[in-house]
Structure formats: C-alpha cells, structure tokens
Amino acid sequence: MDAPTSANTRSASDAQTRALEQAFAAHEAWAYEAAYVSYRRTLYGAAYGVLADAQLSEDCVHDVLVRLWQRSGEYRPARGRLEAFLAVCVRNEALSRRRRDNNRLRIARSAPPPAEADPFDDRYAGSLDVRDAVRGLSQPQQHTLQMAYFEGLTHEEIAKRLGEPVGTIKSRLSNALKSLRRTMGAKKGPA
C-alpha cells in the first residue's frame, strides 16, 4: 500500500514543480512568490554560505528575485530545474557582492576620502602616485571608478545612471583597475 501512495505523492509533487517552472518561465506573478516560498531555504543557504550574514543574505535573495522579475525570460525549463537556476543566480550575486565589498574595504583602507570630498582631489588622494595614476585614466574611467568605489553603486546602477550597457561598465572598470595596477606597479619598481 505504501508504494502507490508514495509514488502518487511524488508524481503530484513533480507535476506541481513543472507547473511552477512553466509559470516562472512565462513570467506569471504568482510563480515568483511561490518560488520564493518553495525554495527560500535553499536560496538563503546559497547566499549565507558566501556572505555569512543573515540580513545581507536575505537582501541578496530578494534582489535576485526582483531582478529576475524585471528581466523576464532568463529562465527556461528545458535548461534545468528552477530551484538550481535560482540557487546559482543567488550564489553568483552573493559572490559579486562579496568581491565588491572586499574591493571597497581595500580601497577604503588605502586612502579613505571624506564623504563630501572629491576622491580625486589632491588633498585626499593619499599620495601623488595614486592621484597621478587616477588622473592618467580616461574621464569615463575616472567617473565610473568614482561611482563604483566611492559612491558604492553596483554595475547595474552605474549603467542605468549613465545609460550604457552593464557590460560596458564592467569592461571600463576592469580596464581602469588594470591600468592603475600597471601604473602603480611601474612606479613601485621591482620588488
């Protein structure tokens, strides 16, 4: 008797999961809340494993679901289970947040400017070498660097503010940081 009952329960559960996945892919509002209710422990665990902070983890899960709602069409059931897709999205976002926070902390330790100051002002640059290296960047790189590391904006927020693609912002920041490393390494000389 137990086998048919357990098989029926599993079959019903599988059908519910498939229905949720189809509705999520179809961008049906109820599916986003149902996905959160069904998978919140998995998603929270994915974020907490990286961030090790309850509030930051909750914020991360929320922000991922909001972003997915705003950009419909990212999930396709044929590519895999919804729970796994959401967990990967949350983990990637948590890793991005941790990297961003680590970069901000490293920069803040090296030359923290007052909040109201221009971080590229001579008085707050920390050294002539840093100021010169930053001034050697293009204006768009300087501006993007300032928004990311001194105003604390995300790549998406910068892209929205500048009206440019997120990929452009990421490339610009990456190139600016590489240029600063090269410039600062050349000024430091061989170790």
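In the predicted model, the residues that line the largest pocket comprise 12 charged, eight nonpolar and seven polar residues. The volume of this pocket is about 900 Å³. Its lining is made up of 27 residues, of which Glu-93, Arg-100, Thr-154, His-155 and Glu-156 are the closest to the centre. Five helices each contribute at least two lining residues: H3 (54-70), H4 (82-110), H6 (139-149), H7 (155-162) and H8 (166-188). Helix H4 accounts for the largest share of the lining, with eight residues.

Arg-100, one of the residues closest to the pocket centre, is situated in helix H4. Arg-100 is buried but forms no salt bridge. The nearest side chain of opposite charge is that of Glu-93, at 4.5 Å; no salt bridge is assigned because the criterion requires a side-chain nitrogen of Lys or Arg within 4 Å of a carboxyl oxygen of Asp or Glu. When residues up to four places away in sequence are not counted, Arg-100 is in contact with Glu-93, Leu-153 and Thr-154.

Backbone geometry was also examined at two loop positions. Most residues other than glycine have a negative phi. His-27, however, has a positive phi near 65 degrees and is placed in the loop between helix H1 (2-25) and helix H2 (29-51). With a relative accessibility of 25%, His-27 counts as partly exposed. Ala-52 likewise is not a glycine and has a positive phi, of about 55 degrees. Ala-52 occupies the loop between H2 and H3 and is exposed, its relative accessible area being 55%.

Conventions. Residues numbered from 1 in each chain as written. Predicted model: local features only at pLDDT ≥ 70, side-chain atom pairs only at ≥ 80, totals over all residues. Heavy atoms only, no water. 1 Å grid on protein atoms, 1.4 Å probe; cavity = no way out; pocket = protein on both sides within 12 Å on 5 of 7 lines; lining within 4 Å. Points joined across faces, edges and corners; volume = space filled by probe spheres on them. Helix = DSSP H or I, 4+ residues; strand = E, 2+ residues; numbered from the N terminus. Nonpolar A, V, L, I, M, F, W, Y, C, P; charged D, E, K, R; others polar. Buried < 20%, exposed > 50% of the residue type's maximum accessible area, 1.4 Å probe, protein only. Lys, Arg positive; Asp, Glu negative; His and termini not counted. Contact = heavy atoms within 4.5 Å.
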